[in-house]
Each structure stands twice: as C-alpha cells, then as structure tokens.
Amino acid sequence: MTLTFNPEKYKELLNAYLPRIIKNEAENEQALAIVEDLMHRERSPEENELYQLLITLIEKFEQEYYQPVEQNNPLSLLLFLLEESGKTKADLQDFLGLEGVVDDILNGKQTISLEVAEKLGDFFHVEAGLFHD
C-alpha cells in the first residue's frame, strides 16, 4: 500500500510548526528539536516533507554561520569557535578586557582590528590572520 500525500494534513503541520528561515541559534535549536523528534519515528508523507524542509533550513543556517573557513568570514569563524570550544562571550570579554568591543563585534557592528585579531588567535590557539581581512 502506497501512502499518498495529503495537502490538508501538511497545511496543519505547517500551521503547527511554522517553519521559516533560521536566523539565530535559538531558532536553530528549536528546528533541531523538531527534526530529532521526527527522526525517531515512522513518519507520514506529510511529516517527511516537513522533516526534509527543516533539514534544508538547518543546513542553510549552519552553512552560513558555522562553516566560516570556506566563506572567509571572521565573524562567522569567531561564532563557530565560541560554539565549538564551549567558551562564552563572558570568557572572551574577560580575556580581551573589551566588553563593549566584544558586543559590537559579535553583533556585526564593528570589524575585528588587527590587535583584537591577535588576541583572538591567542585565545583560541589559532592563526590570528583568520580573524582579520
């Protein structure tokens, strides 16, 4: 027996979950939780469509924000290294001693200076040139 796709049932799922472009880590975590739930059960055709859609949205977010080396984006690299190292913004602020600057850099309001790039290199034990164009 082949299961057929029910557009009305899919609409109900879309209304329940409201999937959209992922713009931050909190939204990414929400989408990952839904995917995790769907991953571990037998899915209807409509649930499978939602599952595939969420995976696509998650992949897009993660490619843009967590694969910085390929994109040569210092801010993305910084966010990636913070996430992967388990270090926090507070740790970074304590190390750099530049609270306002760290906030501005993380919010994309300020580029990373050569001096800060060198400190970031020391903090993460990577080449400072990765943080400066």
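Student: What covers the buried residues of α6?

Tutor: The cover includes α5, α7 and α8, where packing rests on contact, meaning heavy atoms within 4.5 Å. Please keep in mind that this is a predicted model, in which local features need pLDDT of at least 70 and side-chain atom pairs count only at pLDDT 80 or more, whereas totals for chains, interfaces and linings use all residues. Residues are numbered from 1 along each chain as its sequence is written, and side-chain values use heavy atoms, with hydrogens and water left out.

Student: What makes α6 a helix, and which of its residues are buried?

Tutor: A helix here is a DSSP run of H or I with at least four residues, while a strand is a run of E with at least two, and both are numbered from the N terminus; α6 spans residues 89–96. Its buried residues are Leu92, Gln93 and Leu96. They cover an arc of only 100° around the axis, the arc being that of the directions from the helix axis to the C-beta atoms, and therefore they sit on the same side of α6. After α6 comes Gly97, with a positive phi near 70°.

Student: Why does Gln93 count as buried?

Tutor: Buried means under 20% relative accessible area, exposed means over 50%, and partly exposed lies in between (1.4 Å probe, protein chains only). Gln93 has 14% relative accessibility, so it counts as buried. Leaving out residues up to four places away in sequence, Gln93 touches Leu98, Glu99, Val102 and Asp103.

Student: How do you know whether Thr4 is buried or exposed?

Tutor: By the cut-off for exposure, Thr4 qualifies as exposed because its relative accessible area is 64%. Thr4 belongs to the segment before α1 (7–17), and, apart from its neighbours within four places in sequence, Thr4 is in contact with Pro45 and Glu46.

Student: Which residues of α8 are buried, and how do you know how they are arranged around the helix?

Tutor: Val116, Ala117, Leu120, Gly121, Phe123 and Phe124 are the buried residues of α8. Viewed down the axis of α8, they fall within an arc of 160°, so they line one face of the helix. The face turned away from that buried side carries the exposed residues Leu114, Glu115 and Asp122, while the cover over the buried residues of α8 includes α5, α6 and α7.

Student: What makes a group of residues a nonpolar core, and which members touch the most others in the largest one?

Tutor: A nonpolar core is a set of buried Ala, Val, Leu, Ile, Met, Phe, Trp, Tyr and Cys residues joined through side-chain atoms within 4.5 Å. The largest has 16 residues, of which Leu78, Leu92, Ile112, Leu120, Phe124 and Phe131 touch the most other members. Two or more residues each come from α5 (74–85), α6, α7 (99–106) and α8 (114–124), and α8 gives the largest share, 5 residues. A second, separate core of 14 residues includes Leu13, Val35, Leu50 and Phe61.

Student: How do you know where the buried residues of α7 lie around its axis?

Tutor: The buried residues are Val102, Ile105 and Leu106. Their arc around the axis is only 95°, which puts them on the same side of α7. They pack against α5, α6 and α8.

Student: At what angle do α2 and α3 cross, and what is the make-up of their contact by class?

Tutor: Axes are lines fitted to C-alpha atoms, for helices over the stretch in contact, with angles from 0 to 180 degrees between N-to-C directions. On that basis the axes of α2 (residues 25–39) and α3 (residues 45–66) come within 10 Å and cross at roughly 145°. By class, their contact has 13 nonpolar, 1 polar and 3 charged residues, where Ala, Val, Leu, Ile, Met, Phe, Trp, Tyr, Cys and Pro count as nonpolar, Asp, Glu, Lys and Arg as charged, and the others, Gly among them, as polar.
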